[in-house]
Amino acid sequence: MEKIQVTKSSMPEFEEYVEEIRSLWESHWLTNMGEKHKKLESKLKNYLESENVILFSNGHLALEAALNAYELQGEVITSPFTFASTVHAITRNGLTPVFCDINEEDYTIDVKQIERLITKKTTAIVPIHVYGNICDVEELDKLARKYDLKVIYDAAHAFGTKIDGVPVSRFGNASMFSFHATKVFNTIEGGAIVFQNNQGQIASRLNMLKNFGITGPETVEIVGGNAKMNEFQAAMGICNLKYLSEEISKRKKIVERYMENLKNVPGIILNKIPDSVESNYAYFPVRFDNYHLNRDEVFELLLSNEITARKYFYPLANDFECYKEKYSSDDTPIAKKVSKQILTLPLYASLSLDDVDRICKLIVKGEKE
Ligand SMILES: *Cc1c(COP(=O)(O)O)cnc(C)c1O
């Protein structure tokens with residue numbers, strides 16, 4: 001039987017991509033905000049119903065640039081149940097991450113615990129829409145107004161999701177999306193900062209930050225870096241975007257099959273998608289809580305059957321080598337518990353329902369085939 005990886009990047013037909021990049025052989029314009037870059041930016045504005053979409057070479061540098069663009073200082077509240085990128089982006093901007101615990105229902109930041117972490121030095125919150133589960137955007141909005149804080153979402157998992165029909169990118173000051181190969185929508189590597197109105201020239205600052213601060217042939221206004229999306233990445237995005245809704249509906253079928261198989265198994269906790277949410281079915285996280293196998297045992301069992309699941313997110317950011325001296329995961333007990341129990345199962349558009357059944361059977365039987 002073929003090996004099953006936790007994900008498989010979506011790609012257009014080879015010929016379709018070749019057709020999309022053909023014009024680059026005529027123009028010889030390979031990067032620096034060319035024709036494909038402009039085309040993708042405008043398609044994404046449309047798709048996300050957002051006024052501003054600034055493309056980047058990857059999601060991480062987009063987030064770093066966003067934190068820089070708002071000229072934040074001091075402390076930034078986030079949660080440790082995330083990918084390394086979120087916390088690194090804060091730290092690499094010279095800011096101090098302050099870890100808030102998550103809630104046990106959807107693994108996003110526990111808004112009830114934010115207020116006690118706010119100090120005079122707090123300038124922003126960076127909440128994560130974990131697995132595409134949408135944070136409590138209303139409550140975050142209230143806190144932001146009450147304490148004059150910026151809210152910049154790590155929406156790397158949430159591309160294409162909506163709540164009550166509103167695209168997730170319309171909340172907070174800005175949202176970062178990742179278009180990495182493993183995400184629901186990919187540009188090979190890539191990312192974007194998306195936001196509504198142009199708050200204090202944020203768009204121009206982001207554009208400067210991704211291109212050395214250059215604003216004209218003889219002007220360099222700010223100390224920027226290089227995080228431009230190239231034309232080949234943009235072309236991949238243009239092709240992949242055409243099939244996105246098809247991809248998401250295939251993912252939905254797979255998720256429903258997983259749910260059917262696993263919903264009544266005692267000790268297995270599934271991710272709930274509220275009726276108000278239009279999901280992108282980015283991940284299928286499963287928690288093992290008083291199950292006869294622990295998370296690591298299920299992981300090993302699948303692996304011995306050539307199926308790779310992912311301990312996502314484990315370890316917690318506050319347990320990383322580079323942070324553990326200053327922080328402790330004991331301060332975020334829910335995140336600590338969840339990170340030891342959770343496993344994301346294989347999920348990609350071309351995963352067959354038979355394979356889903358096979359994976360579930362292994363987990364439910366709890367022994368090697
Ligand atoms: C993927 C991801 C990122 C970083 O995105 P890249 O495009 O890989 O740089 C940041 N945060 C989260 C939660 C992610 O999953």
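Q: In this predicted model, how many residue pairs are in polar contact across the interface of domain 1 and domain 2?
A: A polar contact is a pair of N or O atoms within 3.5 Å; within protein, one must be able to donate a hydrogen and the other to accept it, and residues adjacent in sequence count only if both atoms are side-chain atoms. Across the interface of domain 1 and domain 2 there are 16 such residue pairs, with both residues at pLDDT 80 or more. Residues are numbered from 1 along each chain as its sequence is written, and side-chain values use heavy atoms, with hydrogens and water left out.

Q: Where are domain 1 and domain 2 in the domain assignment?
A: Domain bounds come from an automatic or database domain assignment. Here domain 1 covers 14–241 and domain 2 covers 245–365. Their C-alpha centres lie 25 Å apart.

Q: How many residues of domain 1 and domain 2 are in contact, and what area is buried between them?
A: Contact means heavy atoms within 4.5 Å, while buried area is the accessible area (1.4 Å probe) that two parts lose on being put together, summed over both. In this model 33 residues of domain 1 touch 33 residues of domain 2. About 3,000 Å² is buried between the domains, and carbon and sulfur atoms give 58% of that. On the domain 1 side, E104, Y131 and V184 lose the most area to domain 2, together 23% of what that side buries.

Q: Which residue forms a salt bridge with E104?
A: A salt bridge is a side-chain nitrogen of Lys or Arg within 4 Å of a carboxyl oxygen of Asp or Glu. The partner of E104 is K337, and their closest N and O atoms are 2.9 Å apart. Across the interface the rule finds 2 salt bridges.

Q: Which elements give two or more residues to the side of domain 1 that touches domain 2?
A: Helices (H or I, at least four residues) and strands (E, at least two) are DSSP runs, numbered from the N terminus. The elements in question are α4 (84–92), β3 (96–99) and β6 (162–163). The largest share, 4 residues, comes from α4.

Q: What is the strand order in the open sheet of 7 strands?
A: Two strands pair if DSSP finds at least two bridges between them. The order is β1-β9-β8-β5-β4-β2-β3, and the pairing is mixed. β1 (52–56) and β3 stand at the edges with a single partner strand each, so one side of each has no neighbour in the sheet. Strand β8 (174–178) pairs with strand β9 (191–195) in the antiparallel sense over 4 bridges, and F177 stands opposite A192 in β9.

Q: At about what angle does α4 run to β3?
A: Axes are lines fitted to C-alpha atoms, for helices over the stretch in contact, and angles run from 0 to 180 degrees between N-to-C directions. α4 lies across β2 (75–78), β3 and β5 (150–154), at about 140° to β3. Helix α6 (202–209) lies across β1 and β9, at about 10° to β1.

Q: What is the order of the open sheet of 3 strands?
A: The order is β12-β14-β15, with antiparallel pairing. Its edge strands, β12 (268–270) and β15 (342–345), each pair on one side only. The twist averages 30° from one strand to the next. Helix α8 (244–262) packs on this sheet, touching β12, β14 and β15, and makes about 20° with the direction of β14.

Note on methods: Predicted model: local features only at pLDDT ≥ 70, side-chain atom pairs only at ≥ 80, totals over all residues.
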